[in-house]
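I opened this notebook to record how two chains meet. The entries below follow the order in which I looked things up.

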Amino acid sequence: MTEALAIAQKIFIDQGLVLGFATIGALMWICAFASRCLTAGRIHASAIAIVAALALAWWGGEITGGKKGLADVPAFAGLALLGGAMLRDFAIVATAFEVDVVEARKAGLLGVIALALGTLVPFVVGVCVAWSFGYRDAVSLTTLGAGAVTYIVGPVTGAALGASSPVIALSIATGVLKAVLVMMVTPFVARLIGLDNPRSAMAFGGLMGTVSGVAGGLAATDEKLVPYGALTATFHTGIGCLLCPSLFFLVLRAAL
Amino acid sequence: MAIYGTALLALCTLLGVALGEALGVLLHVKANVGGVGIAMMLLIAARSWLARRGHLSAGIKLGVEFWAMMYIPIVVAMAAQQNVLAALEGGPMVLVAGVLTVALCFTLVAVLGRAMGAKGAGHD
C-alpha cells in the first residue's frame, strides 16, 4: 500500500505536465458530455469547462489554503505549467494563424469600427464598474477593464502590468461571465438585433470579441454565420492584448 | 516538418514578447507592452509571406495549428489555477460588469448592423 502511494507520489512529481494534459482532457470530455446532454449543445463545452475549472480552483483554494487554485493540490501541480503564462501566450499567438489577411480585408470598415468599439466600450464599462466598487489604482482598473473585453485580455493585461492574483481572477470571471452570457443570450436576441446576415455577424464578432462566446452564440443562432463572426472575433483578443496594457493603461494612469 | 511550424510560432512569440518588453522600457512602463498582440501580427505576416512564396506546407500548418487548438484546454488549465476564493469577495462586481458589457454590446450590434447595413445596401 505504501509502495503504491510512493509510486503515485513519484508520478505526481515527475509527470506533472503529462498528468495535466490527462486531467484537462478528462475535464473537457465531461464538459462536452454535459453540454450535449444537459444543455442540448446550447452552452458551448468550452464555456462549461472554464466554469468547472474555476469551480475546481475554488475547491483547490478551499482545501489547501493556497493561492494557485487546483494547482496547489499536489496531484494537479502540473496545471501550473500547462496553464501558466508561457504556454498560454504561446497558444494565443498560434490562434492568429487562422486569420487570413485577404478574408480579413473583406470585413472592412464595419469590422474595424466594431473591433474598435468592442475593445473600448467593454473596457470603459469594466473600469467604471471597478471604480464604483472601490478600485483606485491604474493597474487593477486596467486589468478589470481588460477582463470585460475577454477572459484572455484580462489575465494577459494583468500579468503584463503585475496585477494581483485576486484582481486577475476577477477579470477572468468577468470575461467568462461575458462569454457565457453571449453564448446563452445570442439565440434569443438575434432577431431583435438584426443578426441574420454576414455583415451583422461581423459586427457581432468584433463587438463581442470573446471567441468561444461568439462561436457558441452564432452556432446556436445560425451555423452559416459562425465564420463571419469568428473572423472579426479572432482579431479582438490580439487588439485587446495590444491596447489594454499599453495605450489604455497609459491613458488611464495619466487620467488618474 | 511540424517542428518548423512550432519553431516559427516560437520565434514569433519570442520576438513579440521581446519587442513588448522593449516597448515597455521605452515607454517607462514596468510591463510588457502588447507583446502577445505584436507576436500575433508577426505570425499573420509570416503566414502570408510563406503563402505568397508557396512555402506554407502542411507540416508547418500542423505545427502551428496544434497549438491553436490547444488554446481552449490551456485556458481551462489557466482557469483551474486562479485564486477564485479571493475573487469571490468581489462577486457582485463581476455580475454588474459582465451583464452591463454584454447588454451594451448587443445594443451596439443592432445600431452598427443597421447603420452600416443601410449604407452597404446603397453600394450594392
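This is a predicted model: local features need pLDDT of at least 70, side-chain atom pairs count only at pLDDT 80 or more; totals for chains, interfaces and linings use all residues.

Entry 1

Entry 2. I looked up the extent of the contact, to which chain A gives 93 residues and chain B gives 72 residues. Between them, chain B and chain A bury about 7200 Å², and carbon and sulfur atoms account for 83% of it. On the side of chain B, the residues that lose the most area to chain A are B:Gln81, B:Met93 and B:Phe106, together 10% of what that side buries.

Entry 3. I then searched for polar links. I found zero salt bridges between chain B and chain A, but five residue pairs in polar contact, both residues being at pLDDT 80 or more.

Entry 4. I asked which elements of chain B give two or more residues to the side that touches chain A. They are helix 1 (2-26), helix 2 (35-53), helix 3 (58-69), helix 4 (71-80), helix 5 (84-87) and helix 6 (91-123). Helix 6 of chain B provides the largest share, 23 residues. By type, I recorded 50 nonpolar, 15 polar and seven charged residues on this side of chain B.

Entry 5. I turned to helix 5 (residues 85-95) of chain A and helix 3 of chain B, whose axes come within 7 Å and cross at roughly 115°. The crossing of these two helices is left-handed. Here A:Leu87, A:Phe90, A:Ala91, A:Ala94 and A:Thr95 meet B:Val64, B:Trp67 and B:Ala68.

Note on methods
Residues are numbered from 1 along each chain as its sequence is written. Chains are lettered from A and ligands numbered from 1 in the order in which they are written. Side-chain values use heavy atoms; hydrogens and water are left out. Contact means heavy atoms within 4.5 Å. Buried area is the accessible area (1.4 Å probe) that two parts lose on being put together, summed over both. A salt bridge is a side-chain nitrogen of Lys or Arg within 4 Å of a carboxyl oxygen of Asp or Glu. A polar contact is a pair of N or O atoms within 3.5 Å; within protein, one must be able to donate a hydrogen and the other to accept it, and residues adjacent in sequence count only if both atoms are side-chain atoms. Helices (H or I, at least four residues) and strands (E, at least two) are DSSP runs, numbered from the N terminus. Ala, Val, Leu, Ile, Met, Phe, Trp, Tyr, Cys and Pro count as nonpolar, Asp, Glu, Lys and Arg as charged, and the others, Gly among them, as polar. Axes are lines fitted to C-alpha atoms, for helices over the stretch in contact, and angles run from 0 to 180 degrees between N-to-C directions. A crossing is left-handed if the near helix is turned anticlockwise from the far one by less than a right angle, and right-handed if clockwise.
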